[in-house]
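Morning, everyone. Have the model up, please.

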Amino acid sequence: MSIGISGTGCYIPSITTQNKDFEHHNFLTSEGIPFDYTNEVIIEKFKAITGIDERRYAKKELNTSDLGFFAARDAIEDAGIDAEELDYIIFAHNFGDVSYGQSQSDTVPSLATRVKHLLKIKNPNCVAYDMLFGCPGWIEGVIQAHAFIKSGIAKKCLVIGAETLSRVIDQHDRDSMIYSDGAGACIIEDSEDSGEILAHTSATYTNEEAFYLFFGESHNKACTSKTQYIKMYGRKIYEFALIHVPNAMRDCLEKSGIPIENVKKIFIHQANEKMDEAIVKRFYKSYNLEMPEGVMPMNIHEMGNSSVATVPTLFHMVKTGKIENQQIEKGDVVIFASVGAGMNINAIVHRC
């Protein structure tokens, strides 16, 4: 069996928010105290660490499920299949549909069900469900789809990763500049035209790490609202990722039997440019090698961190020639890797 990705799609929201748009924000510490330096300095330091120049936000009338639908539609077309043939729709997200201006998450019915509805799929045997696995959710969805097909339960699966993080950020938190909106999707099937998933690995760490990413109240202590926002302990996540993600990537590659010299690209979750570079360098260092130039495509500079959408969006953009000096060809071996809330990590070795 040659089970892998046969089609991809993505949706890039149309609203561009640049770093300069945050110059007049009232950024506060977690204790609600103003910083000792200006927003210009805050933004300069933020850019140096994360690499983010701008990010994309969805239009007011669009929700996460809408973005997922757009990406799914393109993936189905790219794979050249009939949507009625799908056995599973797996939708990875974290916060459901959060309508613009609202604070409540809407997850009933599931976002996967909403996409099936928008695709007008009549087949009741197409099972639709959501995946909550933090930022590695799309990769985990691909792993599950692979397992379904390998076991004979399914033949074709649609895996979506989408998020509108712009609607769950605290405007008084510097970390709000990291997050963005977007969607990516793929078709997993066993066919001559698909790629091949050669190996995968996943892990969840919950002792000290469970609440490194969490929901918390605004940094503005004068705010009487009890609305919860996405929060994180950035330094702890950075240290965790540097230890565990390179190990997961190496474990996955060794399971595949592919020499590291044959790896063409590494599609890593677009969380933080410096962190991603450090992870990949440490991965190659474990083989006593230097990180090859161009092995790690990036789109975080223009897209920001859209959580579950970063890896499928990045893969689609490189696959379709949308990132300068980055391309992949049929037969190339690539690695997908991610880290996020849980704390969860995973990786896939895939032959295109």
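Start with Arg114. Is it buried or exposed? Arg114 counts as buried, at 15% relative accessibility. Buried means under 20% relative accessible area, exposed means over 50%, and partly exposed is in between, with a 1.4 Å probe and protein chains only.

Now, the ground rules. This is a predicted model, where local features need pLDDT of at least 70 and side-chain atom pairs count only at pLDDT 80 or more, while totals for chains, interfaces and linings use all residues. Residues are numbered from 1 along each chain as its sequence is written, and side-chain values use heavy atoms, with hydrogens and water left out.

Back to Arg114. Which residue does its side chain meet in a salt bridge? Asp106, at 2.7 Å, N to O. The criterion for a salt bridge is a side-chain nitrogen of Lys or Arg within 4 Å of a carboxyl oxygen of Asp or Glu. Asp106 is partly exposed, with a relative accessible area of 33%.

How many salt bridges does a search of the whole structure find? The search gives 13. I'll take a few.

Next pair: Lys226 and Glu217. Their closest N and O atoms are 4.0 Å apart. Lys226 counts as exposed, at 61% relative accessibility. Glu217 counts as partly exposed, at 41%.

Then Lys264 and Asp332. This is also a salt bridge, with the closest N and O atoms 3.2 Å apart. The pair links distant parts of the chain, 68 residues apart. Lys264 is in strand S11, residues 263-268. Asp332 is in the loop between helix H8 (310-319) and strand S12 (333-340). Helices (H or I, at least four residues) and strands (E, at least two) are DSSP runs, numbered from the N terminus. On accessibility, Lys264 counts as partly exposed at 33%. Asp332 counts as buried at 15%.

There is also a network. Salt bridges link Glu85, Lys156 and Glu189.

On to the cysteines. How many disulfides does the count come to? The answer is 0, taking a disulfide as a pair of cysteine sulfur atoms within 2.5 Å. Cys10 is in no disulfide, and its nearest cysteine sulfur, that of Cys186, is 12 Å away. Cys10 is buried, with a relative accessible area of 13%. Cys352 is in no disulfide either; for Cys352 the nearest cysteine sulfur is that of Cys186, 12 Å away. Cys352 is buried, with a relative accessible area of 16%.

To recap: 13 salt bridges, 0 disulfides.
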